[in-house]
Amino acid sequence: MKKNLAKSSIINLQLLILLFGFWSCEREKPNTDPVETSNTHIAYILNEGVWGSNNAEISVLDSNGVVNDWFSRNNGRGLGDVAQDMIHYGTKLYVSVYMSNTVEVVDAATGKSLRQIDMGQRGPRYMAAHQGKVYVTCYDRSVVRIDTATLSIEASCPLSGMQPEAICEAGGKLYVCNSWQYDENGHVVYDNTISVVDIATFAEVEKITVWTNPIRAKRLDDNTIVVACEGDYGDKEPRTLLLNLTTYGFAVLPVAATNFDIKGTDIYLYNISYGADWTPEAHFYRVASATGTPTPILAEYGSRLNNAYGINVHPTSGELFVTTSVYGSNSDLFILSEGGEIRSHEVGIYASKVVF
């Protein structure tokens, strides 16, 4: 969960409205009995949990349905406080747990923890994997490299930008979003750059100026990444960019992404706006990267998806996995096609990401 303290008053207001304005599911006590799942795992769902509640979790979708509390039921403990990101690389899941300052390495077949890597006080955020290494952005303004054979920290690359968020790999380099920080007077100031880290030397080699407060980035191809910038929540509006990695020029998409994923050359995104009473309204689009043309999708679901929190696209089927989250309640996972709903499941609190 992105914890931008500059937005805390706005976020708290939104959460209170959501708490009292929407139906809230009664939470069941977690089942901590060991569980066996089928070998046909379809997807893993990251549940961030509530800030300060130490209740981050993983759910798993297999051929029989969803199993919640999958990690704790297989390990006798939870993930920790605020699970920020998860990737599936090789036979393992890697989970960055921001407030607990750990990276959890999990056997993707059994759900068993293979190692809990202590990240000190770095504040691990987002991850990318490349050629046997996992790279983790950290709020101490660094990227940490983890070896996937030894499951240990190998090196740390300092960054010259502000607090780093998303990271992606393209063409042998890492691209890191630099977001915001406090100045000497305690005021929030925003970055507008992407740090470029050469993987071979593991050093920051340059920075690319983009737009205010970049927080999400994903690889479209070896020469293009998609970057979502949140703006400054004032005069600088959110923008989503197609960044050319040769020229460092960029095109601005007609619709900004609150969150997005990519399949092939298409970008699937949603944009959330708020009314005068802070009621959210989500609009979903498929954007053809070649033309930048947005096509509205999923409009028939209306308010059911207004609390969208995560979106991921299955790499082969093209099914859309959309999570919706209401404060204090378990999330809903909708598995959709552009032609209609396939199925839905209840998962954990603040389900933010699905990996396959």
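**Entry 1: overall make-up**

I began with the secondary structure and found 2 helices and 30 strands in the chain, where helices (H or I, at least four residues) and strands (E, at least two) are DSSP runs numbered from the N terminus. I note that this is a predicted model, in which local features need pLDDT of at least 70 and side-chain atom pairs count only at pLDDT 80 or more, while totals for chains, interfaces and linings use all residues. Residues are numbered from 1 along each chain as its sequence is written, and side-chain values use heavy atoms, with hydrogens and water left out.

I then looked up confidence: the mean pLDDT (the predictor's confidence in each residue, from 0 to 100) is 90 for the chain, and 89% of its residues reach 70 or more. Over residues 2–32 the pLDDT is below 50, although this stretch has 49 contacts in the model beyond near neighbours in sequence, a contact being heavy atoms within 4.5 Å. Where pLDDT is low, the predicted coordinates should not be read in detail.

Of the 356 residues, 53% count as buried; I use buried for under 20% relative accessible area, exposed for over 50% and partly exposed for in between (1.4 Å probe, protein chains only). Among contacts between residues at least 6 apart in sequence, 46% join residues at least 24 apart.

**Entry 2: aromatic pairs**

I looked up ring pairs next and found 10 aromatic pairs in the structure; rings of Phe, Tyr and Trp (its six-membered ring) pair if their centres lie within 6.5 Å, and planes under 30 degrees apart count as stacked, over 60 as edge-to-face and the rest as tilted. One of these is the tilted pair of Trp-51 and Tyr-98, at 6.0 Å centre to centre with 45° between the planes. This pair links distant parts of the chain, since Trp-51 lies in the loop between β1 (43–47) and β2 (57–62) and Tyr-98 in the loop between β5 (92–97) and β6 (102–107), 47 residues apart. Trp-51 counts as partly exposed because its relative accessibility is 35%, whereas Tyr-98, at 13%, is buried.

I also noted Phe-321 and Phe-356, whose ring centres are 4.9 Å apart and whose planes are at 70°, so the pair is edge-to-face. Phe-321 is in strand β27 (residues 320–324) and Phe-356 in the segment after β30 (351–355), 35 residues apart, and this pair too links distant parts of the chain. Phe-321 is buried at 0% relative accessibility, while Phe-356 is partly exposed at 26%.

**Entry 3: around Tyr-139**

Which residues share an aromatic cluster with Tyr-139? I found Trp-51 and Tyr-98 with Tyr-139 in one cluster. The charged end of Arg-125 sits over the ring of Tyr-139, 4.4 Å from its centre, by the rule that NZ of Lys or CZ of Arg is within 6 Å of the ring centre and within 35 degrees of the ring normal. The side chain of Tyr-139 also joins that of Glu-165 through a polar contact of 2.4 Å. Glu-165 is in strand β12 (residues 164–170) and is buried, with a relative accessible area of 0%.

**Entry 4: Arg-145 and Glu-154**

I found the charged end of Arg-145 over the ring of Phe-202, 4.9 Å from its centre. Arg-145 is also touched by Glu-154, as are Lys-133 and Asp-147, not counting residues up to four places away in sequence. Glu-154 has its place in strand β11 (residues 152–158) and is partly exposed, with a relative accessible area of 38%.

Note on methods: A polar contact is a pair of N or O atoms within 3.5 Å; within protein, one must be able to donate a hydrogen and the other to accept it, and residues adjacent in sequence count only if both atoms are side-chain atoms.
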